[in-house]
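Please open the structure in a viewer and keep the selection tool at hand. The stops below are meant to be followed in order.

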Amino acid sequence: MEEDFDTMPAEETPVPNLQGPDQHLIQRCQEKLDRVRTQIAVLVFGQAEATEALLISLLCEGHVLVEGVPGIAKTMLAKLMAGSLQLSWSRIQFTPDLMPSDVIGTSVYEQGANRFEFRPGPVFAQVVLIDEINRAPAKTQSALFEVMEERQVTYDGKTHLLRPPFFVVATQNPVEQEGTYRLPEAQLDRFLFRIRMGYPEAEAEKAMLRQLRNQYSIRNTTSVEAMLSEEEVLEAQRLCESIYIAEELCDYIADIVQATRNHPGIYLGASPRASLALLRASKACALISGRSFTTPEDIQAMAYPVLNHRILLNSERELDGIEPEQMIREILERISVPR
């Protein structure tokens, strides 16, 4: 089984295209993504923004942390996204007694071969759903550091590569709830987005009840058609890379991230990894909107989910009940927008 993950062909470095990709390719990709969104919207009501964020993260090879109170379809949304892709997937329920080997795998002695063989864990899938990630202690969470950043697992001195594409969707409950552990900053920084899912609007909840009043069952609320093949996902990711972004917009991203480090109300600012994440997410936002080029509006829209978990407010702001999104909005209003 090991050879399935250890031999991956090297990809050629793409040549920048100052004009962006062909519009026909973008339209075709957008239509496929729209079909996935439509399919999920039939079963998850009032969470269109969260669904779009998952697709954007998939396009730019990022990972997503979905936060919210129990019962608002966090896990269902993640499962439906995985089911919409023709990719291998696994689900890991994080609990306080979960060990790192339960995630990445372990060595098992093979008596016939007279040696230890590595048995990959559930993280060796293309889509990994981690349910309630903050229910496990830091020891188990740290098992994800390497695999989320480098798409590989090092065990007993040997490196095992994962098959692309690799996409992690983790859910967590608010840290105020009993039995949760706050994720360390190094773990949070490996997520492209943190999405805060709230309660659906009243009309969306009424629509859900009307649609399911006579046919509710676990099966018909989790069954979806796999619409995107592995090659189509990889093609969409390559297309996302080719989206054009002007130099002045790269400077705009740098100015936003730099401002988080110099703001008097922010104790810990965003890292250079956040700058790259905002760049990639902005290009994916343009692609999902049907454009071959990035705009300042794409950057502004992506700044919230990219930065809200990467900055720490000082104690005074936290005591005042200020949320990271408010600080991000303040920074965006202060920085001049390139045109």
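A salt bridge, as the term is used on this tour, is a side-chain nitrogen of Lys or Arg within 4 Å of a carboxyl oxygen of Asp or Glu. The model on display is predicted, and it holds 20 salt bridges.

**First stop: Glu67 and Arg194**

Select Glu67 and Arg194, which form a salt bridge whose closest N and O atoms are 3.6 Å apart. Glu67 belongs to strand S1 (residues 64-67) and Arg194 to strand S10 (residues 193-196), so this pair ties together parts that lie 127 residues apart in sequence. Are these two residues buried or exposed? Both Glu67 and Arg194 are buried.

**Second stop: Arg163 and Glu230**

Next, select Arg163 and Glu230, whose side chains meet in a salt bridge at 3.3 Å, N to O. Arg163 is found in the loop between strand S8 (158-161) and strand S9 (167-172), while Glu230 is in helix H10 (residues 230-241); the pair therefore ties together parts 67 residues apart in sequence. Arg163 is partly exposed, with a relative accessible area of 38%. Glu230 is also partly exposed, its relative accessible area being 22%.

Arg196 is partly exposed, at a relative accessible area of 39%, whereas Glu325 is buried, at 17%.

Finally, select helix H11 (residues 247-262). At 1.5 Å a residue, its 16 residues should span 22 Å, and the end C-alpha atoms are 23 Å apart, which agrees. Which residues of H11 are buried? They are Leu249, Tyr252, Ile253, Ile256, Val257, Ala259 and Thr260. These residues cover an arc of only 150 degrees around the axis, which puts them on the same side of H11.

To see what covers the buried residues of H11, display the elements that include strand S12 (266-268), helix H12 (272-288), helix H13 (296-307) and helix H15 (324-334). Then turn the view to the face of H11 directed away from its buried side, where the exposed residues Glu247 and Asn262 are carried.

Definitions and conventions. Residues are numbered from 1 along each chain as its sequence is written. This is a predicted model: local features need pLDDT of at least 70, side-chain atom pairs count only at pLDDT 80 or more; totals for chains, interfaces and linings use all residues. Side-chain values use heavy atoms; hydrogens and water are left out. Helices (H or I, at least four residues) and strands (E, at least two) are DSSP runs, numbered from the N terminus. The expected span of a helix is 1.5 Å times one less than its number of residues. Buried means under 20% relative accessible area, exposed over 50%, partly exposed in between (1.4 Å probe, protein chains only). The arc is that of the directions from the helix axis to the C-beta atoms. Contact means heavy atoms within 4.5 Å.
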